[in-house]
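My notes follow in the order in which I looked.

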Amino acid sequence: VRQCLEKAYEGAHHSHGRPRAQSNVDSLDPKDSFQEDGRDLIADAEAALRNPSAQRFLISVLSQRTRLENQRKIRQGHDDKSGIRNSHRQSGNGSISRLQPNAFECLVRLCCAMLEACKEAQNYESAYQLLTHTVGFCTIFPNSTNASTTSANDNDQNTRIVYMTGRIGMHPIFADLRLWEQVLLLHQNNQKKDKGINDASSNNSSGRSSPPENRVGSVGGKEGDENDEYEAVVSTLYEMIG
């Protein structure tokens, strides 16, 4: 798995904003890129991804890109004197990472192999993590009919942009309602954690502990819980419809 990822990232192109369709899409030979000493590295990695430790490694590598991207946007927001305006502009276009086509296909195959293992083990949380950490990965192919593509609004109409979430999102595991029930539970738990942190921060800043709950507070707390549940459901539904 590590060898495949190293070779895939050698062909990665990170562009800030919309990918440029004019770039070369055929710079790597798909027949030779993932061969080593007569071994098919992708096939070996697909078999290895049945192992939970290999799955955790793949998610860990993909999540590093997300953390680095978030740190980059935070730094840009602080460095730019225009503040919020620049931060907002970057947030909409700074998360695209373009890969060479066969590096992209390598990652798609690895992700699908892991998703197949997750499906057999009913490991829905890892499958969802994999989906979220591949957001923003894309490549550019010569134009042809493909259901999971988005045409580039560019001068060159002979190419099309393909996003990784559009490819791996077609895996049958994402049609399993049990996965989305798990996702809903994750959203609810995360909201409870965030609410607890915010409450603790508010109490610390005021310099006193929170008062015991009275009837009015209980009603407000119930309404707050209902709002949290509603937001968790809406977030989950948005992710389901992609």
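Entry 1, helix α6. I began with helix α6, residues 124-133, where seven of the ten residues are buried, so the helix is largely enclosed by the rest of the structure. I note that the model is a predicted one. The buried residues of α6 that I listed are Y124, S126, A127, Y128, L130, L131 and H133.

I then looked up the largest nonpolar core, which has 42 residues; L130, M164, I173 and L179 touch the most other members. I checked which elements supply at least two residues each to this core, and found α1, α2, α3, α5, α6, β5, α7 and α8 (177-206). Helix α5 gives the most, with eleven residues. For L179 I looked up the contacts, leaving aside residues up to four places away in sequence: L179 touches Y124, A127, I173 and F174. Of these, Y124 and A127 are on my list of buried residues in α6.

I turned to strand β5, residues 137-142. Five of its six residues are buried, so I wrote this strand down as largely enclosed by the rest of the structure. Which strands does β5 pair with, and in what direction do they run? Strand β4 (residues 97-99) is joined to β5 by two bridges, and the two run parallel. Strand β7 (residues 159-163) is joined to β5 by five bridges, and here the run is antiparallel.

Entry 4, salt bridges. I counted six salt bridges, and followed up three of them, as set out below.

I looked at E6 and R2, whose closest N and O atoms are 2.9 Å apart. The two residues are four residues apart in helix α1 (residues 2-10), so about one helical turn separates them. E6 is partly exposed at 42% relative accessibility, and R2 is partly exposed as well, with a relative accessible area of 49%.

I next took R50 and E120, whose side chains meet in a salt bridge at 2.7 Å, N to O. R50 lies in the loop between α2 (41-48) and α3 (52-79), while E120 is in helix α5 (residues 101-121), so this pair ties together parts that are 70 residues apart in sequence. I find both R50 and E120 exposed.

E105 counts as partly exposed because its relative accessibility is 26%. R167, at 24%, also counts as partly exposed.

Entry 5, the surface. Which residues make the nonpolar surface patch of about 630 Å²? I found L177, V233, L237, Y238, M240 and I241. Helix α9 (residues 215-241) gives the largest share of the patch, five residues. I checked I241, which lies in helix α9. With 70% relative accessibility, I241 counts as exposed, since the cut-off for that class is over 50%.

Notes: Residues are numbered from 1 along each chain as its sequence is written. This is a predicted model: local features need pLDDT of at least 70, side-chain atom pairs count only at pLDDT 80 or more; totals for chains, interfaces and linings use all residues. Side-chain values use heavy atoms; hydrogens and water are left out. Buried means under 20% relative accessible area, exposed over 50%, partly exposed in between (1.4 Å probe, protein chains only). Patches are made of residues with over 30% relative accessible area and no salt bridge: like charges are joined within 9 Å, nonpolar side chains (Val, Leu, Ile, Met, Phe, Trp, Tyr) within 5 Å. Accessible areas come from the Shrake-Rupley method with a 1.4 Å probe; for residues, only the protein chains shown count as cover. Two strands pair if DSSP finds at least two bridges between them. A nonpolar core is a set of buried Ala, Val, Leu, Ile, Met, Phe, Trp, Tyr and Cys residues joined through side-chain atoms within 4.5 Å. Contact means heavy atoms within 4.5 Å.
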